[in-house]
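Welcome! Here is a short tour of one protein structure, taken a piece at a time. Have a look at the sequence and the model, then read on.

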Amino acid sequence: MSIKLHQIRAFVEISRYGSIRSASRTLSLSQPALTKSIRELEDSLGAKLFIRSNQGIHLTECGQSFLSRASLILEELRVAQEDIQQRIGLLGGVVNIGIAGCLVRTIMPKIIAQFHREYPTVKLRIVEGQLLAMLPQLRQGELDFSVNTYYPDSADSDLSSEKLTEKEYKVIVRKGHPKEHATSLEELSDCDWTMPTPKGTYYRRLFEMLSLMALPPVFSVTCETLMSCMSLVAKSDFVTIVAVDLADDALFHQQFVALDLKEQLPLATFCLIHRKDKKLTPAGEHLAKLFRMYCRP
């Protein structure tokens with residue numbers, strides 16, 4: 001038996017919700033119809049995809065393997081459909097992007113405002129954070145591209161990166177902090193530090209550099225978002241590191257001080273990253289073009 005698209009869609013939605021009832025509401029189909037689709041799909045594949053128990057529905061090992069490919073099929077089909085619609089003048093669809101926190105608060109508003117003027121009927125979904133958290137969505141086609149710090153890894157052979165810009169980073173503290181006049185990292189070694197996870201690209205490089213100090217900073221709190229870091233620093237004596245662009249904002253100076261230290265922190269390289277085999281829709285390509293235009297000097 002050949003696999004049908006409605007079977008794949010039923011499988012992905014049930015996997016997403018962990019419930020046939022919830023998936024039936026989303027797809028506007030009866031529960032018996034969904035159950036039949038899954039049974040036919042399992043017969044076509046010759047393998048069980050779900051385990052049913054009192055705790056609900058769970059994926060088997062084969063189901064987990066099939067889910068990644070099934071999700072990608074649906075995403076690619078959606079993008080292909082939107083690509084054709086946009087090329088024949090029927091503007092619409094969705095562009096999904098990931099953006100580094102510092103760009104969200106600096107250049108992103110200008111880019112999104114211009115894009116919305118030019119493509120008013122195209123919806124945008126924006127995910128903020130580090131690239132590390134976005135990689136699964138990039139690889140599954142759930143994100144069209146990400147603009148983030150990036151340093152190629154041997155495990156990233158499926159990704160394409162295009163350098164956009166480099167940014168300087170600085171140590172910041174709240175206004176009135178006991179160390180707001182510090183001039184070296186050594187003076188801050190006894191402070192409490194917070195930083196996004198050092199598993200991320202730029203912060204990993206930064207963490208490795210700081211760990212070589214005679215008295216390396218102790219990162220006692222890990223915040224996964226820039227907003228969390230800055231909120232903690234604003235209301236306490238914690239110290240963190242942010243892109244210098246943020247320090248140029250007028251609102252920044254109401255709460256924070258960027259320290260002028262003798263040590264030079266490494267520059268962060270920001271890239272536009274996407275899957276090598278990912279073809280952007282005209283709207284997605286135009287948004288990428290705007291990021292190139294606003295990021296590059």
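## Before we start

A residue is called buried under 20% relative accessible area, exposed over 50%, and partly exposed in between, using a 1.4 Å probe and protein chains only. By that scale, Asp144 is buried at 6% relative accessibility.

The model is predicted, so local features need pLDDT of at least 70 and side-chain atom pairs count only at pLDDT 80 or more, while totals for chains, interfaces and linings use all residues. Residues are numbered from 1 along each chain as its sequence is written, and side-chain values use heavy atoms, with hydrogens and water left out.

## Salt bridges

Side chains of opposite charge can pair when their charged atoms come close. A salt bridge here is a side-chain nitrogen of Lys or Arg within 4 Å of a carboxyl oxygen of Asp or Glu. The whole structure holds 17 salt bridges.

One of them joins Arg275 and Glu76, at 3.0 Å from N to O. Arg275 belongs to strand β12 (residues 268-275) and Glu76 to helix α4 (residues 61-87), so this pair ties together parts 199 residues apart in sequence. Helices (H or I, at least four residues) and strands (E, at least two) are DSSP runs, numbered from the N terminus. Arg275 is buried, with a relative accessible area of 6%, whereas Glu76 is partly exposed at 27%.

Asp144 also takes part, forming a salt bridge with Lys278 whose closest N and O atoms are 3.4 Å apart. Lys278 sits in the loop between β12 and α12 (282-295), and Asp144 in the loop between α7 (131-139) and β5, 134 residues away. Lys278 is buried at 7% relative accessibility. Through shared partners, salt bridges join Glu76, Asp144, Arg275, Asp277 and Lys278 into one network.

## A buried asparagine

Asn148 is buried, with a relative accessible area of 3%. Leaving aside residues up to four places away in sequence, its contacts (heavy atoms within 4.5 Å) include Ile99, Gly129, Met134 and Phe270. The side chain of Asn148 reaches the backbone oxygen of Gly129 at 2.9 Å.

## A three-stranded sheet

Which strands make up the open sheet of three? The order is β10-β7-β11, with antiparallel pairing; strands pair if DSSP finds at least two bridges between them. β10 (240-243) and β11 (256-258) stand at the edges with a single partner strand each, so one side of each has no neighbour in the sheet. Three bridges join β7 (residues 169-174) to β11, and Arg174 stands opposite Phe256 in β11.

Definitions and conventions. A polar contact is a pair of N or O atoms within 3.5 Å; within protein, one must be able to donate a hydrogen and the other to accept it, and residues adjacent in sequence count only if both atoms are side-chain atoms.
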